Amino acid sequence: MNDGACRVKTGRLIFLGWMAMASALAAPQAVQLCASCHGADGNSASPRFPRLAGQQAAFMEQQLELFRERKRDDKGAHQAALGKLDAAAVKGLAAYFAAQQPAANPAAGADAKLLAAGRKLFMEGNLAVGTPPCFSCHGDRGEGNATAPRLAGQHSAYLLSQLQVFDVSQRPAAAEMQEIVKTMSADDIKALVAYIPGM
Ligand code: HEC
Ligand code: HEC
């Protein structure tokens, strides 16, 4: 190996070491305020609590500020934690959970037909009734982006609960979703919440 390659390699090792340290620092005590519900690595076990691992940081920051301002109803779940966190700490937590590895989480008991129907809706929508393909905003692997949240690997029951609340305007930042949900049948939603968790 020549000197140049060696230097590059050493540089990368130092960089990786720094990254490991940075993520260790990004998981300070504040994560303990979230871990009991969401899991320390964001892969919550209970479907009552959404998974945060790999979720988009901008989305998490936005939702936490909405909880703080009581614009999105969380039944008080974040009141105590947010009382101890300023905007910079919220930003740090969002970056920490976004950097965690999402664990597999396929929906239990979904049959092949339902999964295929869910996949078709996700990729193609149902343009005849005005349902757009979900992938067009949420990404073709459901990974999300700067403007729409990650859906892949989310608990099926949580996805279902959110698709129901869009209807009653508990999610002020979800104007697009409110319109989209109106175009979907109960069967469409059943198929989608079976398919998406296993993406
Ligand atoms: C007491 C349990 C509890 C604690 C502690 C808690 N959460 Fe939550 N979190 C919830 C529940 C319940 C929801 C879903 C609210 C709803 O139904 O809309 C949620 C939703 C969220 C969401 C929105 C996710 C989505 O996909 O819609 C984010 C982001 C979030 N929590 C981040 C955090 C962070 C960061 C902390 C730590 C500072 C934290 N939570 C602490 C219970 C908790
Ligand atoms: C035009 C863009 C767009 C399309 C198309 C779209 N979504 Fe969304 N979706 C969003 C945005 C933006 C949000 C975040 C809303 C918020 O901030 O509360 C969202 C949020 C969601 C959530 C809540 C996630 C969470 O963690 O809280 C679910 C579930 C969801 N969408 C499902 C779907 C499904 C299923 C489809 C396809 C039928 C779809 N979306 C199509 C933009 C879109």
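This is a predicted model: local features need pLDDT of at least 70, side-chain atom pairs count only at pLDDT 80 or more; totals for chains, interfaces and linings use all residues.
The shell around ligand 2 comprises 23 residues, of which C134, C137, R171, A173 and A174 are the closest. Helices α7 (135-138), α8 (156-165) and α9 (175-182) are the elements that each contribute two or more residues to this shell. By residue class, the shell around ligand 2 consists of 15 nonpolar, 6 polar and 2 charged residues.

Helix α8 also takes part in the packing of α10: the buried residues of α10 pack against α6 (112-124) and α8. In helix α10, which spans residues 186-195, the buried positions are A191, L192, V193, A194 and Y195.

G144 is located in the loop that joins α7 and α8. G144 is classed as buried because 20 C-beta neighbours lie inside 10 Å. Beyond its neighbours within four places in sequence, G144 contacts Q56, F59, H138, G139, P149, R150 and L151. The C-alpha atom of G144 is 7.7 Å from that of Q55, although 89 residues separate the two along the chain.

G54 occupies the loop between α2 (32-38) and α3 (57-68). G54 is likewise buried, since 20 other C-beta atoms are found within 10 Å. When neighbours within four places in sequence are set aside, the contacts of G54 are A98, Q100, Q101, P102 and R150. Between G54 and G42, 12 residues apart in sequence, the C-alpha to C-alpha distance is 8.1 Å.

How values were computed. Residues are numbered from 1 along each chain as its sequence is written. Chains are lettered from A and ligands numbered from 1 in the order in which they are written. A residue is near a molecule or strand if its C-beta atom, placed from the backbone, lies within 6 Å of it. Helices (H or I, at least four residues) and strands (E, at least two) are DSSP runs, numbered from the N terminus. Ala, Val, Leu, Ile, Met, Phe, Trp, Tyr, Cys and Pro count as nonpolar, Asp, Glu, Lys and Arg as charged, and the others, Gly among them, as polar. A residue is buried if 20 or more other C-beta atoms lie within 10 Å of its own, exposed if 12 or fewer, and partly exposed in between; C-beta atoms are placed from the backbone. Two residues are in contact if their C-beta atoms, placed from the backbone, lie within 7 Å.
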